[in-house]
Amino acid sequence: PTYRSLLPDMSLSFVARPAGRVDIGASGLLVLTCCRALAEAATSSPRQIVKWIAQLRQQLTASQLVALRNSSLFQGNVAPIAIETSDVADAHTQGSGSVRQLLYLELQGGTGHASQLRGALASIGAVPAA
């Protein structure tokens, strides 16, 4: 269902808006507001968290992971707040035992996250899988 289907009166859907980002499959508290300032405060850049998953050609070393946690790799007020890795079988070379690494990264604040993430990965020598 959409948030509009939860409203008792459909005419309210033109006034009430979600405060924050609503993703498909999200669960938890949904805050609806007609106050533009509240909605903007909930979605302003310093509070915004963006989640990325990148598949890498090679596993990151311990020193690369430490470097990636350094917020100086990112511009403005963007900062990594969570970094995890997971090894997965390489789908392109099935049966060879080859492994690629998935990088789970959460960034908070700012804009241009995709280009900043590419730049940060390049600066530590990490190569995304094609």
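Select Q101 and L60 together. The Q101 side chain reaches the backbone nitrogen of L60 at 2.7 Å. That makes a polar contact if a pair of N or O atoms lies within 3.5 Å, one able to donate a hydrogen and the other to accept it; residues adjacent in sequence count only if both atoms are side-chain atoms.

This is a predicted model: local features need pLDDT of at least 70, side-chain atom pairs count only at pLDDT 80 or more, and totals for chains, interfaces and linings use all residues. Residues are numbered from 1 along each chain as its sequence is written, and side-chain values use heavy atoms, with hydrogens and water left out.

Stay on Q101. It sits in strand β5, residues 99-108; strands are DSSP runs of E, at least two residues, and helices are runs of H or I, at least four, numbered from the N terminus. Because its relative accessibility is 4%, Q101 counts as buried (under 20% relative accessible area, 1.4 Å probe, protein chains only).

Now show what surrounds Q101. Beyond four places in sequence, its contacts (heavy atoms within 4.5 Å) include A54, Q58, T85 and D87.

Move to L60. Beyond four places in sequence, L60 contacts L65, L68, T85, Q101, L103, I124 and A126.

Next, select L56, L60, L68, F74, I83, L103 and L121. Of the 16 residues in the largest nonpolar core, these touch the most other members. Such a core is a set of buried Ala, Val, Leu, Ile, Met, Phe, Trp, Tyr and Cys residues joined through side-chain atoms within 4.5 Å.

Finally, zoom out. The protein has three helices and five strands, in the pattern β-β-α-β-α-β-β-α.

Terms used:
Buried < 20%, exposed > 50% of the residue type's maximum accessible area, 1.4 Å probe, protein only.
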